[in-house]
Amino acid sequence: MTRARSPSFARLSARHPHGAAMKATPLSNCERRFLLRAIQEKKRLDGRQCYDYRNIRISFGADRGCCIVELGRTRVLAQVSCELVAPKPSRPTEGVLFFNLELSPMAAPGLEPGRQSELLVSLNRLLERCLRDSKCIETESLCVVAGEKVWQIRLDMHLLNHDGNITDAASIAGIVALCHFRRPDVSVQGEEVTVYTPEERDPVPLSIHHMPICVSFAFFHQGTYLLVDPTEREERVMDGLLVIAMNKHHEICTIQSSGVVMLLPDQILRCSKITAVKVAEITELIQKALENDQKARKEGGKFGFAESIPNQRITAFKMESAAVDTNDVEEQAGEIIAKADPPSEVPVVHTPGTAQIGEGIESSWGDLEESEKEEAAEEEGESEAAAFECVKVETEDTSTLKETKSDEPIVVSDSEEEEVVILEPQELPRKTRTQASSKQENPSKKAFNKRRRKKRTSR
Amino acid sequence: MAGLELVSDAGFRADGRRPDELRKVRARLGVLARADGSAYLEQGNTKVLAAVYGPHEVRGSRAKAPPDRALLSVRCSSAPFAGGGERRRRPAQGGTDRRSGERALLLRGVLEGAVLSQLYPRSQIDVHVQVLQADGGELGASVSAAGLALLDAGVALRGAVVAGSAGLAEPPAGPPVALSDLSAAEEAAGGPRLAVATVAGSGQLALCQLSARLHQERLRPVLDAAQAACQGLHAVLDSVVRARLRQDTAMEH
């Protein structure tokens, strides 16, 4: 079965190494600057180090030869299938391998289906070279009748979610699917070829010599900084990309540089050493995953995609906690508070029946720093609790307003804010919460929640 | 592996070269009258023709014109009579197959690093490369020919763009030998092949593409052989360009 493809190459645009798709949201200049600046300071958005990979998760389907690989949030689905075909005339005793990676708008809005974009071409060529030219599959063993019938092994990969580094995820998915696949057993008696069904005879695995795995290096600032496993945002601002595919025997299967890179040979050698380390880790992970799946199948346990989907949320990805360096936040906050001017008295007129949501007060950044720290220490996901507190704060707002109206002359600023200003430079609200009396506790908590709300609305 | 065929006991390769010898290079600038710049390059039996149009105004939509740099548009194609390896599917009319597409992408990456495109804002430079005969090293020859054509067109470059290839032969007796400038037979032997491109003779590589398995420890000698091939080619092409310049200035006087 041949694919009808109409390759039409429009003038290649010079925007990005991988070609900007027309419908993708363009990256804003400030985001680009921010990313490049962060990379200069050796910081990545998700808190990784320069040479760290994201978490890799491999899950298998119920059929043999089907797997999904998640590299961080990038997801690739790979499926291997086989068919008996006539061999190529120039290679009568070798099987046929066919590799294909598809990008669809499901993965990212900018990817158009079917059209031969640059990204698609470069990814497919790289994967072909990585898997075909490195001869990781023994093609001679796929021959059934020389010159007449051979197995055609077809590896189809689909990108399900694009968050950068499709190459690595696809290469892992491809090799894992090939290792997982079992082809039907076949026997030849003279002219007769019998293909046994899985019930008659156990399917046979493919003979795989080695497992080539791609590792991507993204270069920034004219080759000064390099990052392993770039995310989608990092890919958009990178100068160029170097992909090294290696197996665990330290054999380089392919090197490919793309984009605008100026590499010294020493840099390439250093990258190959890093690749060796990463490939060893990933190969171990793959072996373990294959063993687990094999065990589950043999022992009659449950296997398949339904089992491996996380049971917490189906429709959303779970946010992983990122380590935030808060070592010197206290000193920084203290400095800022010491230098900041106290909030000036802003005349605010309250009318009955209205509540104020914290606007119009001159903010002193010191307060915000403290509450940011609290937020980092607090757990995420308390939306319901916070909502409750919001409602409570509003009712408390109106109640305190009524109190102030009746008791004291009109206060120019909100009474809660004043109290918090007194509290925060000396004591941390975190500690006062547990120790202080309820009177002190409520305003600080209310102010904290107000700021939380303010922060949420401002996001 | 295929060491016996690649390097004989006497140390000669299949076409009589030494392991570090390049194939015969012939280059001509200004072969096409209509193009702003053109070059014809022969490396052994590999023949490549490159043409450059530009810098000129961006054809098509004005919106595609980048405001601060030139738009580089590269097209690579292989003539149907070029031969070169296995039977390839003939691409659809006016289209190119995946291999040529990849070559165009890589070529564009190299040229973007070489062309001082900040000097030509809102303009477009078209580079067309046609392989007339393929006998190994088409990617490298395409890069070198495109570099020559850009020089001929007078586009500002950081330096001369040269590319070379190298491979590794593992004779049964003796250490592995790095081969410079592979021919098609040596490429088809299945050993590792490395293609690199340098700009301005600096030690930096603008392109690095390796196919087939190579042990990590053997990477260094192969890289060195490829860089040496680039330097050798650079010397030859440099003399060709200078001769052409002398010819041009002589005609003007």
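Trainee: Where in chain B does B:Thr198 lie?
Mentor: B:Thr198 is part of strand β8, residues 193-199 of chain B. Helices (H or I, at least four residues) and strands (E, at least two) are DSSP runs, numbered from the N terminus.

Trainee: What kind of model is this, and how is it numbered?
Mentor: This is a predicted model, in which local features need pLDDT of at least 70 and side-chain atom pairs count only at pLDDT 80 or more, while totals for chains, interfaces and linings use all residues. Residues are numbered from 1 along each chain as its sequence is written, chains are lettered from A and ligands numbered from 1 in the order in which they are written, and side-chain values use heavy atoms, with hydrogens and water left out.

Trainee: Back to B:Thr198: buried or exposed?
Mentor: B:Thr198 counts as buried because its relative accessibility is 6%. Buried means under 20% relative accessible area, exposed over 50%, and partly exposed in between (1.4 Å probe, protein chains only).

Trainee: Which residues is B:Thr198 in contact with, leaving aside neighbours within four places in sequence?
Mentor: The list for B:Thr198 is B:Ala160, B:Val161, B:Val162, B:Gln204, B:Leu205, B:Ala206 and B:Cys230. Contact means heavy atoms within 4.5 Å.

Trainee: Which residues have a positive phi without being glycine?
Mentor: B:Ala212 is one of them, with phi of about 70°. B:Ala212 lies in strand β9, residues 205-215 of chain B, and is buried, with a relative accessible area of 5%. A:Gln222 also has a positive phi, near 55°.

Trainee: Where does A:Gln222 lie?
Mentor: A:Gln222 is in the loop of chain A between β11 (213-220) and β12 (225-228). With a relative accessible area of 69%, A:Gln222 is exposed.

Trainee: What joins B:Gly54 and B:Pro55?
Mentor: A cis peptide bond, with omega at about -10°. B:Pro55 belongs to strand β3, residues 46-57 of chain B.

Trainee: How many helices and strands does chain B have?
Mentor: Chain B has 5 helices and 9 strands. From the N terminus on, the order is α-β-β-β-β-α-β-α-β-β-α-β-β-α.

Trainee: What share of chain B is buried?
Mentor: Buried residues are 53% of the 253 in chain B. In chain A, they are 45% of 459 residues.

Trainee: And how many helices and strands are in chain A?
Mentor: Chain A has 12 helices and 14 strands. Of its contacts between residues at least 6 apart in sequence, 73% join residues at least 24 apart.

Trainee: Which residues of chain B lose the most area to chain A?
Mentor: B:Arg98, B:Arg213 and B:Gln216, which together account for 19% of what the chain B side buries.

Notes
Buried area = accessible area lost by both parts, 1.4 Å probe.
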